[in-house]
Amino acid sequence: MRKPRFISHYLVLNDLLNNIDVRKNSDTVVYLTSRIENIKMDLVKSGIEFIEDVSRESRYSYYKPYILQPTAENLSKAKKLLASYTTDEVLSFLEQKPNIEVEENYNEDKGSS
């Protein structure tokens, strides 16, 4: 089965909403993309805001994790955008690929500051 359009966007945004550090995972293996930075830029163009002044340490260096601004408005935008990425093709693809794990635990009151 061919990879559906916006599957990578769906996987990245879903993990961001679940507070998963998408930068510590393999872009290609986990998110089915060669450059997760491009997905972040698409999300920014769609109005999603990120916290930019954070760094984390990995085994070899420091990096900037992608963390959503935890405001109610920003999280609401992100959830609406995720809903637009949740197409029949994406869901069917994920059902046929059992090695791709998708968290669906983000709750409605996260970030209601």
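Buried means under 20% relative accessible area, exposed means over 50%, and partly exposed lies in between, computed with a 1.4 Å probe on protein chains only. The model is predicted, so local features need pLDDT of at least 70 and side-chain atom pairs count only at pLDDT 80 or more, while totals for chains, interfaces and linings use all residues. Residues are numbered from 1 along each chain as its sequence is written, and side-chain values use heavy atoms, with hydrogens and water left out.

The structure holds four salt bridges.

Next, select Asp21 and Arg56, whose side chains meet in a salt bridge at 3.1 Å, N to O. Asp21 sits in the loop between α1 (7-17) and α2 (27-31), and Arg56 in strand β2 (residues 56-57), so that the pair links distant parts of the chain, 35 residues apart; helices (H or I, at least four residues) and strands (E, at least two) are DSSP runs numbered from the N terminus. Asp21 is buried at 10%, whereas Arg56 is partly exposed at 35%.

Finally, select Lys64 and Glu52, a salt bridge with its closest N and O atoms 3.9 Å apart. Lys64 lies in the loop between β3 (62-63) and β4 (67-68) and Glu52 in the loop between β1 (50-51) and β2, so the pair ties together parts twelve residues apart in sequence.
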